[in-house]
Amino acid sequence: MSTDLTAEGGHGAVPTGPEVPVEPKASTARRDWPLYEVFVRGKRGLNHVHVGSLHAPDDEMAVHAARDLYTRRNEGVSIWVVRSADITASSPDEKDPMFAPNGDKVYRHPTFYEIPENVPHM
Amino acid sequence: MSAPTLDRPAAPDEAALQAHFDAVIAAGHRIEPRDWMPEGYRQGLIRQIAQHAHSEIIGMQPEGDWLLAAPSLRRKAILLAKVQDEAGHGMYLYSAAETLGADRADLTDKLIERRQKYSSIFNYPTLTYADVGVIGWLVDGAAICNQVPLCRSSYGPYARAMIRVCKEESFHQRQGYELLMTMMAGSDAQRAMVADAVDRWWWPSLMMFGPPDDDSPNSAQSMRWGVKRHSNDELRQRFVDMTVPQAAVLGVTLPDPELALDPATGRYRFGPIDWSELKAVIAGNGPCNAERIARRRAARDDNAWVTEAATAYASKHAA
Ligand SMILES: [Fe+2]
Ligand SMILES: [Fe+2]
């Protein structure tokens with residue numbers, strides 16, 4: 001049996017060894033429509049939550065495609081789409097410089113303060 | 001006024017990044033797209049997610065062949081919803097692959113050029129309408145066994161896509177099983193059709209789990225990285241154990257004389273799998289390999305004008 005078959009990826013045994021190319025060819029890359037990130041509000045009262053992305057030629061088509069792709073079974077009541085290129089992100093791994101200062105500001109949390117048991121409603 | 005000088009941190013060294021990555025995996029946390037990751041992990045994931053996405057979209061074809069021939073409006077609506085779901089699964093997965101630096105148009109080109117593969121199971125033909133039921137029951141059932149553990153894959157976007165997919169797969173399996181129950185309650189000819197379809201799909205379904213563990217050297221690395229959670233043989237065994245009682249309820253005989261409950265383990269023993277068949281199908285010699293790729297190529301090329309028109313419209317209105 002070939003050494004490069006894995007069953008991973010749902011539907012079964014497929015070669016996934018190093019001979020399978022992965023890097024995009026420059027000629028095809030960017031031929032596709034721009035990438036949009038999709039956010040869905042599950043129901044009234046909830047935040048819009050990121051659900052994935054899709055390609056679309058423009059904003060309006062992105063909303064239509066998002067409706068078909070991400071809300072086929074009442075997953076939501078409202079959709080936001082935004083061009084991926086327009087998102088500025090802090091990466092989880094930049095977390096240390098970005099979020100570390102909060103770590104020693106324990107006084108920002110309610111549990112920092114000791115209140116006697118007999119004080120009601122606090 | 002001169003620009004302030006920035007205190008740039010020194011480039012982090014690879015060993016420290018690797019140690020951090022290993023610690024995240026060891027803690028059972030998820031790797032996210034902008035994290036540093038070893039090249040082998042990134043490329044391995046692209047290969048896996050891409051072939052998975054390809055399998056979903058090629059997987060639309062065998063059942064799609066029955067869309068117009070399904071026997072009632074109800075059955076047509078169900079089948080249409082299922083085939084549409086499979087397109088959706090492909091899209092979720094291509095979008096997960098793109099978070100790793102892959103490009104969707106490039107991946108689908110590589111599929112058409114046969115440089116990346118899709119699951120061998122979709123190279124078998126759907127000869128009768130009973131095949132639609134058996135695909136839902138066995139093929140989607142096997143996919144569920146493979147996919148449920150992937151919901152805990154170490155790569156965040158892949159795991160999230162799989163959660164979404166798994167929710168929908170349950171409908172796929174149940175509609176197939178219900179279709180078969182209906183046919184089994186029908187005429188002798190319908191029951192014979194089901195039996196024939198089960199005979200044809202049983203062994204290819206078992207092959208979906210891949211070669212035996214002692215013949216899958218890549219699995220070990222995949223399991224260390226938390227990309228894969230269970231071995232091929234373990235998943236195959238789970239599938240058999242789940243399916244045999246379902247076959248009994250349905251009243252069909254699985255085409256394996258060696259299939260028997262092992263009282264010591266409570267699990268089912270089954271006969272040897274013909275791996276040469278899997279090898280031949282993967283090599284391109286299955287009954288439908290050429291047809292599947294040809295249709296995918298036609299879908300891309302014949303519809304290119306739609307893509308171009310929408311792009312032209314968008315750029316005209318962007319001005
Ligand atoms: Fe699927
Ligand atoms: Fe499915």
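The legends below describe close-up views of a predicted model.

Local features need pLDDT of at least 70 and side-chain atom pairs count only at pLDDT 80 or more, while totals for chains, interfaces and linings use all residues; side-chain values use heavy atoms, without hydrogens and water. Residues are numbered from 1 along each chain as its sequence is written, and chains are lettered from A and ligands numbered from 1 in the order in which they are written.

**View 1. Donors of the iron ion (ligand 1) in chain B.** E56(B) (OE), E86(B) (OE), H89(B) (ND1) and E169(B) (OE) coordinate the iron ion (ligand 1) at 2.1 to 2.4 Å. Donors are N, O and S atoms within 2.8 Å of the metal (3.2 Å for Na, K and Ca), and sites may look incomplete because water is not among the atoms. The arrangement is irregular because the four donor atoms subtend angles of 82 to 153°. Four donors count as tetrahedral if all angles lie between 85 and 135 degrees; four count as square planar and six as octahedral if opposite donors are over 155 degrees apart and all others between 65 and 115, and anything else is irregular. Along the chain, the donor spacing is E-x29-E-x2-H-x79-E.

**View 2. Donors of the iron ion (ligand 2) in chain B.** D140(B) is in helix α6 (residues 130–150) and H172(B) in helix α7, so the pair ties together parts that are 32 residues apart in sequence. Both D140(B) and H172(B) are buried, meaning under 20% relative accessible area with a 1.4 Å probe and protein chains only.

**View 3. The bridge between the two iron ions.** The iron ion (ligand 1) and the iron ion (ligand 2) lie 3.3 Å apart, and E86(B) coordinates both. E86(B) has 4% relative accessibility and therefore counts as buried; E169(B) is buried at 0%.

**View 4. Packing of helices α2(B) and α4(B).** The axes of α2(B) (residues 39–58) and α4(B) come within 7 Å and cross at roughly 160°, with axes fitted to C-alpha atoms over the stretch in contact and angles from 0 to 180 degrees between N-to-C directions. That makes α2(B) roughly antiparallel to α4(B), a term for angles over 145 degrees. Helices are DSSP runs (H or I, at least four residues), numbered from the N terminus.

Terms used
Buried means under 20% relative accessible area, exposed over 50%, partly exposed in between (1.4 Å probe, protein chains only). Helices (H or I, at least four residues) and strands (E, at least two) are DSSP runs, numbered from the N terminus. Angles under 35 degrees count as roughly parallel, over 145 as roughly antiparallel, 65 to 115 as roughly perpendicular and the rest as oblique.
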